[in-house]
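Please read the following walk-through alongside the sequence and the coordinates. It moves from a helix to a strand pair and then to charged contacts.

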Amino acid sequence: MSLTIDVVGGTLNSHPETTTPGSFSIGLNVSGMEYGGAGAVANYNYVVPTLNELQYYHAQGQDLIRLPISWTTLQPSLNGPLDSTYLSNIENVLSNAASLGMKVIVDIHDYGAYNGNDIGTSAVTDADFANLWKQLSTALAGKPGLGGYDLMNEPNNMPSATAWTDAAQAAITAIRTVDMSTPIYVEGNHWANSYDWSTVNPGFTTLNDPANNLIFEAHVYLDSNDSGTNYDWSQQASLGVTTDTGVQRLQDFVTWLQTNHLKGMVGEVGVGNDNSDWLTALDNTLNYAQANNLATTYWAAGAWWGNYPMSVEPQNGVNAPQMAVLDKYSGNYPTVSVATVTGQATAGSTIYLSENDVLLTTTTANSTGGWSYTLTGLSNGIHIIVAGNTPPGVDGTISATVFNLESGQNTGNPICYTPGTRILTPTGEKSVEDLRSGDIVVSRLKGFQPIKWIGRQSYDPSFLSQDKLPVQIAAGTFGPNMPTEALSVSPGHSILLGEKLILAKNLINGVNVIQPEATKTIEYYALELDEHDCVCANGIWAESFADGPGLRNQFHNRATFLDRFPDYIEPDAVKLCAIRPESGVELEEAILPIIAHLNITPGPLWGYVEQIGPEEIIGWAWDAGNPDVPVLMEIWADDEKLGNALACHHRVDLTQAGLGRGHCMFSFIRPTSPIGIISVRRASDGTILPRHEACQAAA
């Protein structure tokens, strides 16, 4: 099955060209020149990367290239001259790379041996190895495009515990007689494996580089035996592979680097392409490498790979799924305001759209194989969306795209009721699941109205993310019989409080408005009237469906609407029957009466005052004993109370820090600028919130 995905529109980021040794950057192994042997012929026994290929990698943001080459092809006899044709091919690659602002690490790709004989034996001495590197560095030193010398790929089965350390030192010494500026990359023994790095490389900390420019290089593969030769995710998962395997295997290497204050690199990492779990595993590994300043080159690119599962060469103009993950770290992705993805598949087939192995939705390819879907409910930020012909976690065919979403428009969630919700009609209450299009309901603004359409969604609990998990509002939350019984709605569903629509997710307090985990399939029903309005649900006013760009696509039965209304034109924007504050004082005013009636005992107060400006005071406050209850804070200037601020606003870094749902930021607009020392206190007990160190000097 052919399957593609891409995001529509957007502005492409200008990716940073960062290839500084010892800092994070992302690049590729461009394979092909390591094949052959003495007398090998270009583009017959081995293949030379072309300028066009390098231009493709550069366009993808992959400006660091590791170039595997063959010792025996370069130097047909030990201590003999370098093959001039092969050397010229290497120099041409460097020249082409330099024209694009790329850097190339030249890698002797011979596994610690020459013609099958290990270095450190009488057949291949350390002096032989040093001779190779003195000649090669003499030829390449100072050439634009040269990014480093990688002494030897994956040395293994060396004749003694220190044989590779001794050989590496001989090569370093030889290189530094002619080149004192180019970084030298030293791979570890035992196939350069990262997981046992500290135990198989005795003496590495004693390696002496007079230029003090060594980079230690490990390799990590994510299959069960760390070989990079197993590509079936389900089979590998049965052997213990997880999406965190790469992170776990890198930890020994990272600890060794940090302990010895040395610089490192991940020279090879690669994954299969039959399951979205491979992409998540790669993403997790690169995230760890980035956090620890490890430049990383993916295995592999190269013109001769064909259908090799780990290849990132485009096939028929289509990027490999792994490239979407690499693009995330190179910065090669568009910024979009609406997350519309499109692609090709087998006509009539089902496409499963997922992120981080969580199913977002499904869609169906049309009669020509084309498909398009606008994703809603995504937070602003970078997203890798995977399209598959099977659900996430099930082996099949996948494709992937990456983009940065920046929009206040496209962050809507399902706008729905759960089964059992009692909707008021002229003849009494009816369960929402028993209603049909054309039935009459009681609306707040226009009285009796017919239902235009009912949207439906269904989610397996194992695929439910927080933005789709129902919010449960207890009976009497807003006053006597308001609601009359517990009401469960989607997080993006609005409740009318006074004259304001308030999203259910902004009402969560962990006491009478909660978001419990789902244990069974969740079904949602959305009632659409001719115009946006409110219906009476379990005794309170709550909204009907309001259409907007891409919002109808979230419903699994959206095709039934298009069948009934083929000439329907989607509105350019959501039109609501009342204001819907999602931040600021208006949101606080709506939430505060609910919080005021909660019978809770204050717990330990966490937080800081982060900014005290002439117009605004900003910080965060979190009650560790009541993690979802917004904290009411009082703002004082000496003994004068200036006003209140409710710590109920969301901030991503607070979510990442594990502070409840991250809804604990406050902002207070100062009515005046009174003279006096500003303090921020919890209203319930007067506990003073400390100032962050960056705020200490503020008045």
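This is a predicted model: local features need pLDDT of at least 70, side-chain atom pairs count only at pLDDT 80 or more; totals for chains, interfaces and linings use all residues.

Residues are numbered from 1 along each chain as its sequence is written, and side-chain values use heavy atoms, with hydrogens and water left out.

Helices (H or I, at least four residues) and strands (E, at least two) are DSSP runs, numbered from the N terminus. Helix α4 covers residues 126-140. The expected span of a helix is 1.5 Å times one less than its number of residues. For the 15 residues of α4 this gives 21 Å, and the end C-alpha atoms are 21 Å apart, which agrees. Buried means under 20% relative accessible area, exposed over 50%, and partly exposed in between (1.4 Å probe, protein chains only). The buried residues of α4 are D128, F129, A130, L132, W133, L136, S137 and L140. They pack against β4 (64-69), α2 (71-74), α3 (84-99), β5 (103-108), β8 (146-150) and α5 (163-175), where contact means heavy atoms within 4.5 Å. After α4 comes G142, with a positive phi near 85°.

Further along the chain is a strand pair. Two strands pair if DSSP finds at least two bridges between them; β22 (residues 440-443) and β23 (residues 447-450) do so in the antiparallel sense, over four bridges. V442 has F448 of β23 as its bridge partner.

A salt bridge is a side-chain nitrogen of Lys or Arg within 4 Å of a carboxyl oxygen of Asp or Glu. The count by this rule is 19. In one of these bridges, E499 meets R444, with the closest N and O atoms 3.1 Å apart. E499 lies in the loop between β27 (494-497) and β28 (500-503), and R444 in the loop between β22 and β23, so the pair ties together parts that are 55 residues apart in sequence. E499 is exposed at 55% relative accessible area, whereas R444, at 31%, is partly exposed.

Other bridges have other surroundings. R552 and D547 are joined by a salt bridge of 3.1 Å, N to O, and both residues are buried. Between E634 and K641 the closest N and O atoms are 3.4 Å apart; E634 is buried at 16% and K641 is partly exposed at 38%. Finally, a network of salt bridges links R66, D107, D150, E187, E217 and E268.
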